Amino acid sequence: MSTPIIVPWSDIDRATLDNLIEEFVTRDGTDYGEQEVPTATKVEQVRAQLKRGEASVVFDDATETVSVMTREQLRELGL
């Protein structure tokens, strides 16, 4: 079993980070409540979470995927 690697979000090209966050916020099963929130707003909310350290960009070398994970999700993984 591999250990996911936290990638410093500030080291990621802005356009690449925007695409990563947009993919994250538009995934199936991502629900922000009864009121519709524009994708651009969701992207900025996640970017703010990254800046505050409430979320991180994570690379999983076993699946060769990159995702955004909350601090709580990282704790569950022991990171």
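These legends describe close-up views of a predicted model.

Residues are numbered from 1 along each chain as its sequence is written. Local features need pLDDT of at least 70, side-chain atom pairs count only at pLDDT 80 or more, and totals for chains, interfaces and linings use all residues, while side-chain values use heavy atoms, with hydrogens and water left out.

**View 1**
Helix H1 covers residues 14-25. Helices here are DSSP runs of H or I with at least four residues, strands are runs of E with at least two, and both are numbered from the N terminus. H1 has 12 residues and reaches 16 Å from its first C-alpha to its last. That is close to the 16 Å expected at 1.5 Å a residue; the expected span is 1.5 Å times one less than the number of residues. The buried residues of H1 are Leu17, Leu20, Ile21, Phe24 and Val25. They cover an arc of only 125° around the axis, which puts them on the same side of H1. The arc is that of the directions from the helix axis to the C-beta atoms. Buried means under 20% relative accessible area, exposed means over 50%, and partly exposed lies in between (1.4 Å probe, protein chains only). An α-helix has 3.6 residues a turn, so residues three or four places apart point the same way. The buried residues of H1 pack against H2, S2 and S3.

**View 1. The largest nonpolar core.**
This core has 12 residues. H1 gives the largest share, with 5 residues. H1, H2 and S2 each supply at least two. Among the members are Ile12, Phe24, Val46, Leu50, Ala55 and Val68. A nonpolar core is a set of buried Ala, Val, Leu, Ile, Met, Phe, Trp, Tyr and Cys residues joined through side-chain atoms within 4.5 Å. In soluble globular proteins, nonpolar side chains tend to be buried together. Val43 also belongs to the core. Leaving aside neighbours within four places in sequence, Val43 is in contact with Asp18, Ile21, Glu22 and Val25. Contact means heavy atoms within 4.5 Å.

**View 2. Val57 in strand S2.**
Val57 lies in strand S2. Val57 is buried, at 1% relative accessible area, and is a member of the largest nonpolar core. Pro8 is 49 residues from Val57 along the chain, yet their C-alpha atoms are separated by 6.8 Å.

Strand S1 takes in residues 5-7. S1 pairs with S2 in the antiparallel sense over 3 bridges. Two strands pair if DSSP finds at least two bridges between them. The partner of Ile5 in S2 is Phe59. S2 and S3 also run antiparallel, joined by 6 bridges. There, Val58 has Ser67 in S3 as its bridge partner. In a regular strand the side chains alternate between the two faces of the sheet.

**View 3. The hairpin turn at Glu64.**
S2 and S3 form a hairpin with 4 residues between them. Glu64 lies in this loop, between strand S2 (55-60) and strand S3 (65-70). Its phi is near 55°, a positive value in a residue other than glycine. Glu64 counts as exposed, at 65% relative accessibility.

The structure holds 4 salt bridges. A salt bridge is a side-chain nitrogen of Lys or Arg within 4 Å of a carboxyl oxygen of Asp or Glu. Arg47 and Asp18 form one, at 1.9 Å from N to O. Arg47 lies in helix H2 (residues 39-52) and Asp18 in H1, so the pair ties together parts that are 29 residues apart in sequence. Arg47 is buried, at 4% relative accessible area. Asp18 is partly exposed, at 23%. Arg47 also forms a salt bridge with Glu44, with the closest N and O atoms 3.5 Å apart. Arg47 and Glu44 are 3 residues apart in H2, about one helical turn. Glu44 is partly exposed, at 41%. Shared partners join Asp18, Glu44 and Arg47 into one network of salt bridges.

**View 4. The salt bridge of Glu23 and Arg27.**
Glu23 forms a salt bridge with Arg27. Their closest N and O atoms are 3.1 Å apart. Glu23 is partly exposed, with a relative accessible area of 39%. Arg27 is also partly exposed, at 30%.
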